[in-house]
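User: Hi! Could you walk me through this protein, one question at a time?

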Amino acid sequence: MEILFSTTMEIQDADGPLAFFEYGNEKFNGERFLWKDSQNHAVLVGVGIEKSFSHERTDHNRFFEAETEWKRFIDRAVIENPFEVPGTGPLLFGGFSFDPMSEKETEWAAFADSLFYLPKFMLTISQGKSYLTVNVACDPNDDLGAVTEIENFQMGYMQFQQKRSIQSPIISDMEEINKEEWIAAVADVVRQLKQGDVDKVVLARKMKVHFDEPILTEMVLQNLWQQQPDSFIFALEALESCFIGASPERLIQKTNNTVFSTCLAGSIARGKETREDELLGKELLNDRKNLHEHQLVVKMIVEVLKKHCIDIQIPENPALLKLRDIQHLYTPVTGTVDGNLSITKLVEALHPTPALGGVPRQRAMHIIREKEQMDRGMYASPIGWMDYRDNGEFAVAIRSGLIKQDEAVLYAGCGVVADSDPQSEYIETKIKFRPMYRAIGGTEE
Ligand SMILES: C=C(O[C@@H]1C=C(C(=O)O)C=C[C@H]1O)C(=O)O
Ligand SMILES: [Mg+2]
């Protein structure tokens with residue numbers, strides 16, 4: 001029987017997370033992940049997959065299959081981790097597809113409906129300190145090959161020189177997919193919403209970008225890191241593909257028994273100078289259509305958390321969250337859960353919130369399947385980590401895209417309500433493409 005041996009040590013790491021990620025490329029291309037949370041509390045970089053937990057929609061419950069296997073695996077593990085730091089020691093990083101019922105398109109072939117990695121080597125940066133966790137799953141009868149592998153990895157990393165400046169490839173072609181059809185679909189959905197049996201449906205679309213040569217994940221990450229400091233930054237490799245993005249939206253964070261979620265919905269552009277920007281912010285805070293879009297999300301998240309928490313705190317009115325390209329209505333919610341509730345349970349209960357799905361949920365999902373005519377894959381899905389102590393955090397994977405060699409597919413969507421104007425919603429999605437488009441070397445319009 002396979003047993004996990006996991007060791008965590010504090011290290012001096014002057015080179016940082018992107019160097020660790022890049023170092024992993026040579027031996028572990030296609031087996032890496034990177035995570036940074038929006039408040040810059042925790043950075044995780046995993047290279048090499050020691051064990052992968054992957055489930056398709058045919059499995060009984062994709063949210064709990066991985067958790068059940070993981071808990072069984074952890075229960076018999078030998079863990080040496082003297083640090084009480086969330087995100088150190090053995091952990092799973094990964095996520096879920098948005099809708100397991102949607103027909104899988106080829107670009108998502110490498111990603112299962114539930115896909116998590118236990119890394120071989122993981123760098124954690126938390127409160128200015130760096131930790132290295134090494135995970136080895138082996139049979140007691142195995143030889144000592146793993147020990148040599150660990151030594152080689154550490155020796156190599158110490159001597160590694162990062163290739164800091166990475167040139168962007170040239171964008172040779174860019175295409176918005178089914179633009180006219182999408183605007184017509186929004187108009188159609190608005191008509192349904194006006195009839196009143198649905199309140200909100202989030203509709204997304206995609207754009208395809210081609211480059212004159214393969215694009216490097218390292219370059220995209222470096223750009224996102226500089227350009228989107230207040231977002232969650234994530235990358236998850238699977239074979240030759242990498243799902244990557246910079247999302248401002250937290251789904252759930254759990255540290256011991258404290259949970260933290262955010263309601264994020266309702267959007268307006270940034271102004272060119274301060275005064276215009278403030279006016280736009282004020283307009284958003286008072287706009288009926290956007291407040292309605294937002295309120296539906298608040299109502300649902302509060303309902304879910306009330307069901308699972310002993311107490312919750314939530315401000316009365318939304319605030320503004322200002323990002324480089326866009327501003328949103330934002331309401332944070334915190335709560336305390338009782339000891340036995342797992343983060344997976346909260347992810348399952350929350351996904352998809354009305355910020356990505358709609359209200360009522362099932363009706364909205366049905367309309368999305370019918371009207372979007374595309375596979376969202378992991379776009380708009382929970383992505384994140386959970387450690388062996390059941391601390392963890394999941395973001396909603398928006399402002400994201402899938403890169404594979406000389407191609408990228410980017411995704412963006414928006415909340416459609418009865419007062420939506422299809423043309424304005426189109427412009428809103430155009431703004432939401434920008435963070436990823438810029439990070440892959442596109443120039444601003
Ligand atoms: C769906 C996206 O964003 C969501 C939709 C928003 C809106 O319609 O106002 C705002 C934030 C996100 O919850 C996306 O960025 O693709
Ligand atoms: Mg909107």
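This is a predicted model: local features need pLDDT of at least 70, side-chain atom pairs count only at pLDDT 80 or more; totals for chains, interfaces and linings use all residues.

User: How far apart are the end C-alpha atoms of helix H10?

Analyst: Helices (H or I, at least four residues) and strands (E, at least two) are DSSP runs, numbered from the N terminus. The expected span of a helix is 1.5 Å times one less than its number of residues, so the twelve residues of H10 (361-372) should span 16 Å. The model agrees, with the end C-alpha atoms of H10 lying 16 Å apart.

User: Within what arc do the buried residues of H10 fall?

Analyst: A residue is buried if 20 or more other C-beta atoms lie within 10 Å of its own, exposed if 12 or fewer, and partly exposed in between, with C-beta atoms placed from the backbone. In H10 the buried ones are Ala364, Ile367, Ile368 and Glu372. They line one face of the helix, because seen down the axis (using directions from the axis to the C-beta atoms) they fall within an arc of 105°.

User: Which exposed residues does the face of H10 turned away from its buried side carry?

Analyst: The buried residues are covered by elements including helix H5 (179-195), S9 and strand S17 (358-359). The face turned away from that buried side carries the exposed residues Gln362 and Glu370.

User: Which strand gives the most to the side of domain 1 that touches domain 2?

Analyst: The assignment, automatic or from a database, gives domain 1 (3-158) and domain 2 (172-208 + 248-439). Counting C-beta atoms placed from the backbone and within 7 Å as contacts, 29 residues of domain 1 touch 30 residues of domain 2. Helix H3 (62-75) and strand S5 (91-96) each supply at least two residues of that side of domain 1. The most, five residues, comes from S5.

User: Is Phe394 buried or exposed?

Analyst: Phe394 is found in strand S19 (residues 392-396). Leaving aside neighbours within four places in sequence, its contacts include Leu251, Val347 and Pro382. Because 26 other C-beta atoms lie within 10 Å, Phe394 is buried.

Note on methods
Residues are numbered from 1 along each chain as its sequence is written. Chains are lettered from A and ligands numbered from 1 in the order in which they are written. Two residues are in contact if their C-beta atoms, placed from the backbone, lie within 7 Å.
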